[in-house]
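Subject: Structure for you to look at

Hello,

I am passing on a structure that you have not worked with before. Please open it first and then read the notes under it.

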Amino acid sequence: MRVKYSWVLAMLLSGCQLTQSTDQNLPEQTNNPPQSVKKAHPESEIAQTPSQSSSVENSHKVQHKVAKVTPQTQKDVWHRIGMQLHMPIPNNQLVNYYRTWYITHPSHLKVVSERAAPFLYLITKKIEKRGLPLELALLPVVESAFDPFAYSHGSAAGLWQIVPGTGRSLGLKRNYWYDGRRDVDAATDAALDYLTQLNKRFDGNWYNTIAAYNSGGGRVSSAIRKNKRLGKPTDFFSLDLPNETSAYVPKLLALADIVAHQKKYGVHIPPIANKPVVELVNPKEQLDLAIAAKYANISVKELQELNPAYNQWATAPEGPYQLLLPIKSIARFEKEVKDNPGRGMKLIRYKVKSGDALISLAKKYNTTPKVIRVANNLTGNTIRVGQYLLIPTSTKNDQVYALSASNRLAKIQSESQGKYKLTHTVKSGDSLWSIARENKVSYRSLAKWNGMGPRDTLRVGQKLVIWKKATDGAIIRTVFYKVRSGDTIDAIAYKFKVSRNDIVKWNGLANQKYIQPGQKLKLYVDVTKVSV
């Protein structure tokens, strides 16, 4: 009997060891795991260990425990999200329309997935940690198509398209050097804070919450009050909202339905690895982006793509200094920062000359007067001839920082939108509307051509591009005319059948009283009217 019971005891101990070993290898758990494997999404990838057994006297077998299938076991972040999408998808005309649009435009989702690759895992983890609906991870697709540099007609910026006022209220900094609305890590936290606030305001109704994220809480609340007065339902689909907002929620729901059922709809969204690929680091000092990129052994463009919040050639002088970097680069980056304290910026020693001013020096070295004042312990803007200043400046030429604000604007302005281009220098009293009216173009188009929103304010001296289209039948040619003795602007305008004001704008002559013999003027001439 002792032998028999000892054998049973040994077998039980062996079984315990096998079970314990399997439990230690279970994947990461979510805050809200599925109740059972049967409730897992039908398209999830089944992850389980092979069935193994051992026989004792050819009759007893011990089976391994099957690992639980969770969103976190998926190889693809899209599948991780898809398993956690639970908002009802109504049979609604707009939902059906946008579902069809996504299905028939697979290239759009391909581009979106490519852009989202560095950020989607990070965003998903933040949403899961807060216990919020995973549908929110898809909002950047609807808002910006996951373009971190996106800038909308309403002056909204970044993946989450946050407007300036909302950004300020959420604590996102915005200045010459840095725009927190484009900081993927900081803006995601801010957007989720805002969505949480809105959801409390709308008593947990996520449809109305998401609508309010698009058009503002006040507008949705007003629509709800109106329906209550009229005795109408107050659900999202019954509210009288702007067309953009009425389409916004259906667009998100259609996308969620496709992400959750890719096979059903015959859609393939390029997979994104379900693991972290970037991590936030803080060097705790201002860094030239070219130096930071060298420390991380990546290109400046790649660094800027991961950190679109930085407008200029360096992180902000007074912070934040944080950077998202590829995980594989972090150890090297941190070692370089540690080994080179205070060497992340280039300082030049400049001797002040007659006519110099802080503002002109700042413009010359692509910095700000404040940075020069701080670097030299100046209490005001007064400088004297012969004085030496230390001026922080970039280590590379401007073109190396390909995604800086100035380079992005130059690219936008150079993209042809018409037959010929005018340049307008903003004067006191100018507005987008008045400039557009004067030039007979749409003020929305004018804003778009210059990387602005229609409600953005202008500053005196700002250069705006205006694209003009030729009238029907016109053939426009660029003519360079050399001014002769006795020429006047009016005479030249009459000769080439163009307006005097256009000549002034084309050549930046607003501040010149006279033209000089030998001076070259650029003209855009309709050769069907004038022989040239």
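This is a predicted model: local features need pLDDT of at least 70, side-chain atom pairs count only at pLDDT 80 or more; totals for chains, interfaces and linings use all residues.

Residues are numbered from 1 along each chain as its sequence is written, and side-chain values use heavy atoms, with hydrogens and water left out.

The protein has 22 helices and eight strands (DSSP runs, H or I of at least four residues for helices and E of at least two for strands, numbered from the N terminus). Of its 532 residues, 48% are buried, meaning under 20% relative accessible area with a 1.4 Å probe, protein chains only.

Strand β5 covers residues 420-425, and its side chains alternate. β5 runs antiparallel to β6 (residues 463-468), and six bridges join them. In this pairing (at least two DSSP bridges between two strands), His424 stands opposite Leu464 of β6.

The lining of the second largest pocket has 10 nonpolar, nine polar and five charged residues (Ala, Val, Leu, Ile, Met, Phe, Trp, Tyr, Cys and Pro count as nonpolar, Asp, Glu, Lys and Arg as charged, and the others, Gly among them, as polar). A pocket here is an open set of points on a 1 Å grid over the protein atoms alone, where a 1.4 Å probe fits, with protein on both sides within 12 Å along at least five of seven lines; lining residues have an atom within 4 Å of a point. Glu143, Ser152, Ala156, Asn214 and Glu244 lie nearest the centre of this pocket.

Regards

Conventions
Buried means under 20% relative accessible area, exposed over 50%, partly exposed in between (1.4 Å probe, protein chains only).
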